[in-house]
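Please read them with the coordinates open.

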Amino acid sequence: SCDVVTFGEAMAMFIADRPGELHQIEKFTKALAGAETNVSIGLARLGFGMRWISKIGNDAFGKFIVEALRKENVDVDAVFVDDRYPTGFQMKSKVLDGDPQVQYFRKGSAASTICPGDVDMSFFTSAKHLHLTGIPAAISSCARELSFEAIKAMRAEGRSISFDVNLRPKLWGSEAEMIETVNALAVQADWVLPGMGEGKLLTGYSNHRDIAAYYLDRGVQLVAVKLGPEGAYYRTPTEEGIVEGFKVQAVDTVGAGDGFAVGLISGLLDGLSVSEAVRRGNAIGALAVTAEGDSEGLPTRGQLSAFMEASVII
Ligand code: ATP
């Protein structure tokens, strides 16, 4: 059975084997990239029934993506093969400190051609929960339409929806359009997860309380503002608080937000309190930055409880 459905673009990713400018690197390690596939893998490792909806090209990258997801027990029955367009890929630099450089080769990818007509909506509505990000809306007008259609179908069935804004300014035509569209999606979700910088850009407010209030005033039930190593702030119509982050040695900062989403969503679906779910989000966000690949650090139930228990300060 399917607990959570997501949709979006996955890519093959080539991670540089040593620090340096991307064009000078000879050796790369191949991995899987994509916010929605990261969240799918993370939730599947925690035992949730996951479905990922997308399109891939009829090529080696597409086969790689599907095989990697099958191995992680993610349902790929609604992953369609397109013979006309290729699967996208990306290259990621290795850095000793800070954020790595990421270069995308995704324009005109098979995933960006996905349209509402390609997907039987029961692939969405047979799941209990939809997790959406702002990325599909950025890659094409078709994928944007499907984002709105998926939300509409899930809301009509009374299903819950989480939305990670995942701003990708470079993929959008204009910043104003990005802000307007991402907010139009966000206000229809139950749980919204902006990073601090993203929240500022989207709402115009500069502190976490006001950012959260902006979405709560528009009908959102929970806003979790991610604060990097400091943890996260949460606010609902009845409660709010800051939950401190976990102390880890960061290896690669990409994927922290996806890890946070895995923790928060799984916690809420498991029936934890909001603050406990945010704490789990912090834990998985921290675990994600300890590994090089974007989904490598995502834990099983056993690994998660071992990490959270070891980090309790007595
Ligand atoms: P991303 O870089 O994936 O887009 P984001 O901006 O969405 O990330 P962050 O605030 O960077 O979100 O990270 C999400 C969560 O992961 C944080 O709320 C925090 O709990 C955890 N986290 C991130 N970086 C670190 C770190 N260096 N040490 C410990 N925890 C971290």
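1. Basis of the note. This is a predicted model, in which local features need pLDDT of at least 70 and side-chain atom pairs count only at pLDDT 80 or more, whereas totals for chains, interfaces and linings use all residues. Residues are numbered from 1 along each chain as its sequence is written.

2. Helix α9 by itself. Helices (H or I, at least four residues) and strands (E, at least two) are DSSP runs, numbered from the N terminus. Just after α9, glycine 271 takes a positive phi of about 90°.

3. Packing of α9 with α10. Two packed helices are described by the angle between their axes and the distance between the axes. Helix α9 (residues 256–269) and helix α10 (residues 274–289) pack at an angle of about 150°, and their axes are 7 Å apart; axes are lines fitted to C-alpha atoms, for helices over the stretch in contact, and angles run from 0 to 180 degrees between N-to-C directions. α9 and α10 are therefore roughly antiparallel to each other, given that angles under 35 degrees count as roughly parallel, over 145 as roughly antiparallel, 65 to 115 as roughly perpendicular and the rest as oblique. The residues of the contact of α9 with α10 comprise 12 nonpolar, 7 polar and 3 charged; here Ala, Val, Leu, Ile, Met, Phe, Trp, Tyr, Cys and Pro count as nonpolar, Asp, Glu, Lys and Arg as charged, and the others, Gly among them, as polar.

4. Packing of α1 with α9. The axes of helix α1 (residues 35–45) and α9 come within 9 Å and cross at roughly 45°, which makes α1 oblique to α9. On the α1 side the contact is made by Ala35, Asn38, Val39, Gly42 and Leu43, and on the α9 side by Asp258, Gly259, Ala261, Val262, Ile265 and Ser266, two residues being in contact if their C-beta atoms, placed from the backbone, lie within 7 Å. By class, the residues of this contact of α1 with α9 divide into 6 nonpolar, 4 polar and 1 charged.

5. Helix α10 and its contact with α11. α10 has 16 residues and reaches 23 Å from its first C-alpha to its last, close to the 22 Å expected at 1.5 Å a residue. Because 14 of the 16 residues of α10 are buried, the helix is largely enclosed by the rest of the structure. α10 and helix α11 (residues 301–310) pack at an angle of about 100°, with their axes 10 Å apart, and the two are therefore roughly perpendicular to each other. Ala283, Ile284 and Leu287 in α10 meet Leu304, Phe307 and Met308 in α11, so that the contact of α10 with α11 has 6 nonpolar, no polar and no charged residues.

6. Isoleucine 265. This residue lies in helix α9 and is buried, with 27 other C-beta atoms within 10 Å. Leaving aside neighbours within four places in sequence, isoleucine 265 is in contact with Val4, Leu43, His131 and Ser162. The C-alpha atoms of isoleucine 265 and tryptophan 191 are separated by 8.8 Å, although the two are 74 residues apart along the chain.

7. Glycine 231. This glycine is found in strand β13 (residues 231–235) and is buried, with 20 other C-beta atoms within 10 Å. Apart from neighbours within four places in sequence, glycine 231 is in contact with Ile242, Val243, Glu244, Gly245 and Asn282.

8. Two asparagines to inspect. Most residues other than glycine have a negative phi. Asparagine 73, in the loop between α2 (60–71) and β5 (74–75), has a positive phi of about 65°, and counts as partly exposed with 14 C-beta neighbours inside 10 Å. Asparagine 166, in the loop between β10 (160–164) and α6 (175–186), has a positive phi of about 40°, and counts as buried with 23 C-beta neighbours inside 10 Å.

Notes:
Buried ≥ 20, exposed ≤ 12 C-beta atoms within 10 Å, placed from the backbone. Expected span 1.5 Å × (residues − 1).
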